[in-house]
Amino acid sequence: MSKSYTIVTGAGGSIGQAITRALAREGHNVIMACRNIAKDSPLCDRLNDECNSKVRIMQLDLSSLDSVARFAQDIHREDIEIDTLINNAGVMLKHYQATQQGVEMTVGVNFVGTYLLTRLLVPTIRQGGHITFTTSLTRYIGKVDHDFFNLTPDNYGRFKAYSRSKLATTLLTAHLAQELTSQGIHVNAGDPGVVDTGMIHMDAWFDPLADRLFRPIISTPEQGAISALCASNSNVSGQIFDKTRHHDIPSKWRNHPHWQWLLDETHRIITPWL
Ligand SMILES: NC(=O)c1ccc[n+]([C@@H]2O[C@H](COP(=O)([O-])OP(=O)(O)OC[C@H]3O[C@@H](n4cnc5c(N)ncnc54)[C@H](OP(=O)(O)O)[C@@H]3O)[C@@H](O)[C@H]2O)c1
């Protein structure tokens, strides 16, 4: 068995870079799971020069279930043991797009692709290891019901899709925490807060004003990374981390009436890749 690695999805993004750099500086071996290898390779090279740890980069497009399955096969083929899986990658798209399976893209990347990746990698996670998901304050306005997958170009709204995906991710965290306790795997979610990254750019007339008023008072990517880093170094499970503090996932989400429905529907989509 090779040495243990921490996998960071979206490792070349704003918060992803901060997470990856912190881990590499602490001496963790890291696999940067990135959609665009050419864009993110220079960071990988820099971290290998700067840090006394091994940093690798591997291609992963969470919108493509073929790509997710290929990534997981490569991990299995190389007999890599995973210390921690940090599911950081995410999107919030201004306009409607769909994955090859016809799932709206935000839900497809943030929830469906991330769920398939996690399912395929669980057997490679060491006992005592961690899975960390990324949630967002928008989980409070998200809806999970029988319309979850019914986003169309006509009814699409970026917050509608994004908040759905983040609530679903929070329900998944609660479910997997319970399921994987017996295997000694810690499953938690990190909430980065509101962070100064491209994601909060609204492509709207008020962006320059918001940039001047809000960007100076919201978190930096390094501050936003703290929640995922603390969750990935904890001895607890089923918690939401807000920087160093954490709390139970509320029972309304642990016992969500539509969770089983969502799980069944998601499995209907991903079964060919399992
Ligand atoms: N910024 C905030 O205020 C905030 C608040 C709460 C939660 N979050 C969450 O924090 C996480 C990181 O966001 P961020 O603010 O750092 O945004 P970001 O800078 O846009 O980073 C997003 C990362 O996800 C990757 N990604 C997007 N689509 C992908 C796909 N199909 N396959 C694989 N990777 C993909 C991006 O890759 P590319 O670089 O190739 O596009 C990028 O590395 C996200 O889950 C986000 O929802 C952010």
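Is Asn235 buried or exposed? With 7 C-beta neighbours inside 10 Å, Asn235 counts as exposed; a residue is called buried if 20 or more other C-beta atoms lie within 10 Å of its own, exposed if 12 or fewer, and partly exposed in between, with C-beta atoms placed from the backbone.

This is a predicted model, in which local features need pLDDT of at least 70 and side-chain atom pairs count only at pLDDT 80 or more, while totals for chains, interfaces and linings use all residues. For selections, note that residues are numbered from 1 along each chain as its sequence is written.

**Stop 1: Asn235**

Select Asn235, which is found in the loop between α7 (221-231) and β7. Helices (H or I, at least four residues) and strands (E, at least two) are DSSP runs, numbered from the N terminus.

**Stop 2: the ligand shell**

Next, select the ligand and its surroundings. The ligand is surrounded by 27 residues, of which the closest are Gly10, Gly13, Ile15, Gly90 and Thr197; a residue is near a molecule if its C-beta atom, placed from the backbone, lies within 6 Å of it. Helix α1 (residues 14-25) contributes the largest share of this shell, three residues. Coloured by class, the shell shows 11 nonpolar, 14 polar and two charged residues. Here Ala, Val, Leu, Ile, Met, Phe, Trp, Tyr, Cys and Pro count as nonpolar, Asp, Glu, Lys and Arg as charged, and the others, Gly among them, as polar.

**Stop 3: α4 against α3**

Display helix α3 (residues 65-77) together with α4 (105-121). Their axes come within 10 Å and cross at roughly 20 degrees; axes are lines fitted to C-alpha atoms, for helices over the stretch in contact, and angles run from 0 to 180 degrees between N-to-C directions. The two helices are therefore roughly parallel to each other, where angles under 35 degrees count as roughly parallel, over 145 as roughly antiparallel, 65 to 115 as roughly perpendicular and the rest as oblique. The crossing of α3 past α4 is right-handed. A crossing is left-handed if the near helix is turned anticlockwise from the far one by less than a right angle, and right-handed if clockwise.

To view the contact, select Leu65, Val68, Ala69, Phe71, Ala72 and Ile75 in α3, which meet Gly113, Leu116, Leu117, Leu120 and Leu121 in α4. Two residues are in contact if their C-beta atoms, placed from the backbone, lie within 7 Å. The contact of α3 with α4 comprises 10 nonpolar, one polar and no charged residues.

**Stop 4: α4 against α5**

Keep α4 and bring in helix α5 (residues 158-180); the axes come within 7 Å and cross at roughly 15 degrees. That makes α4 roughly parallel to α5, and α4 passes α5 in a left-handed crossing. On the α4 side, select Thr106, Val107, Asn110, Phe111 and Tyr115; on the α5 side, Ala161, Tyr162, Arg164, Ser165, Lys166, Ala168, Thr169 and Leu172. These contact residues of α4 and α5 divide into seven nonpolar, four polar and two charged.

**Stop 5: α4 against α9**

Helix α9 (residues 259-270) packs on α4 at an angle of about 75 degrees, with the axes 11 Å apart. That angle makes α4 roughly perpendicular to α9. Val112, Tyr115 and Leu116 of α4 and Thr266, Ile269 and Ile270 of α9 make the contact, which has five nonpolar, one polar and no charged residues.

**Stop 6: loop residues**

Select Gly142, in the loop between β5 (125-134) and α5. Gly142 counts as buried because it has 22 C-beta neighbours inside 10 Å. Leaving aside neighbours within four places in sequence, Gly142 is in contact with Ser163, Arg164, Lys166 and Leu167. Ala161 is 19 residues away in sequence from Gly142 and 8.1 Å away in space, C-alpha to C-alpha.

Gln100 is found in the loop between β4 (82-87) and α4. Gln100 is exposed, with 10 other C-beta atoms within 10 Å. Its C-alpha atom is separated by 8.0 Å from that of Ser63, 37 residues apart along the chain.

Finish with Asp79, in the loop between α3 and β4, and Lys243, in the loop between β7 (239-242) and β8 (245-248). Asp79 has a positive phi of about 55 degrees although it is not a glycine, and Lys243, also not a glycine, has a positive phi of about 55 degrees. Asp79 is exposed, with 9 other C-beta atoms within 10 Å, whereas Lys243 is partly exposed, with 17.
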